[in-house]
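Dear colleague,

My findings come after it.

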Amino acid sequence: MTRVDFHTHVADRLEYACRFARKVYGAGQTLVVVGEPDVLRAFDQTLWTFSPLEFVPHCFTADPVAAQTPVVLAGPDEQAQHHQVMLNLANRVPTHFARFERVVEIIGDTPEDLSGARERYRFYRDRGYTLNNYDQRG
């Protein structure tokens, strides 16, 4: 069954997501980053610039090399060929989340982010998924 981790009260979601993507890539796992188009474009840009001496290979699902790329960026309803780790940057539960071994939710510290996270938390909990919460407040 899919394990779901909530990383809450994250000050800079995109920077945190980049560090997480680097960690997953470094561990030799595949990652699908889910979000709305504007969030994915911003994440893509941040991933190129967050660490000048490191590169995390990534592309969008429509790219011909997506199946061979360790980090794939996808919309909430898009299917990707990877099924190890999903990083959810969307404001809703992605359609195909149950196909993944692990889902990670990165939650900011705004009232809107926290409210949406509570709804997603209840969604997963009510369906019996294993939940973990990691509070990132300093």
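This is a predicted model: local features need pLDDT of at least 70, side-chain atom pairs count only at pLDDT 80 or more; totals for chains, interfaces and linings use all residues.

I begin with helix α3, which runs over residues 111–126 and has 16 residues. From its first C-alpha to its last, α3 reaches 22 Å, close to the 22 Å expected at 1.5 Å a residue. Its buried residues are L114, G116, A117, R120 and Y124. These residues lie on the same side of α3, because they cover an arc of only 165° around the axis. Just after α3 comes G128, with a positive phi of about 85°.

Helix α3 also takes part in the largest pocket, where it gives the most to the lining, with four residues. This pocket holds about 170 Å³ of space. Its lining consists of F6, T8, H9, I107, L114, A117, R118, Y121 and N133. Both β1 and α3 supply at least two residues each to that lining. Two of the lining residues, L114 and A117, are also among the buried residues of α3.

H9 is found in the loop between β1 and α1 (13–26). Its phi is near 60°, a positive value in a residue other than glycine. Most residues other than glycine have a negative phi. H9 counts as buried because its relative accessible area is 18%, under the cut-off of 20%.

Finally, I turn to the cysteines. How many disulfides does a search of the whole structure find? The search finds zero. For C18, the closest cysteine sulfur is that of C59, and the 15 Å between them is too far for a bond, since a disulfide requires sulfur atoms within 2.5 Å. C59 is likewise in no disulfide, the sulfur of C18 being the nearest to its own. Both residues are buried: C18 has a relative accessible area of 0%, and C59 has one of 7%.

With kind regards

Notes: Residues are numbered from 1 along each chain as its sequence is written. Side-chain values use heavy atoms; hydrogens and water are left out. Buried means under 20% relative accessible area, exposed over 50%, partly exposed in between (1.4 Å probe, protein chains only). The expected span of a helix is 1.5 Å times one less than its number of residues. The arc is that of the directions from the helix axis to the C-beta atoms. On a 1 Å grid over the protein atoms alone, a cavity is a set of points where a 1.4 Å probe fits but cannot get out, and a pocket is an open set with protein on both sides within 12 Å along at least five of seven lines; lining residues have an atom within 4 Å of a point. Grid points are joined across faces, edges and corners, and a volume is the space filled by probe spheres set on the points.
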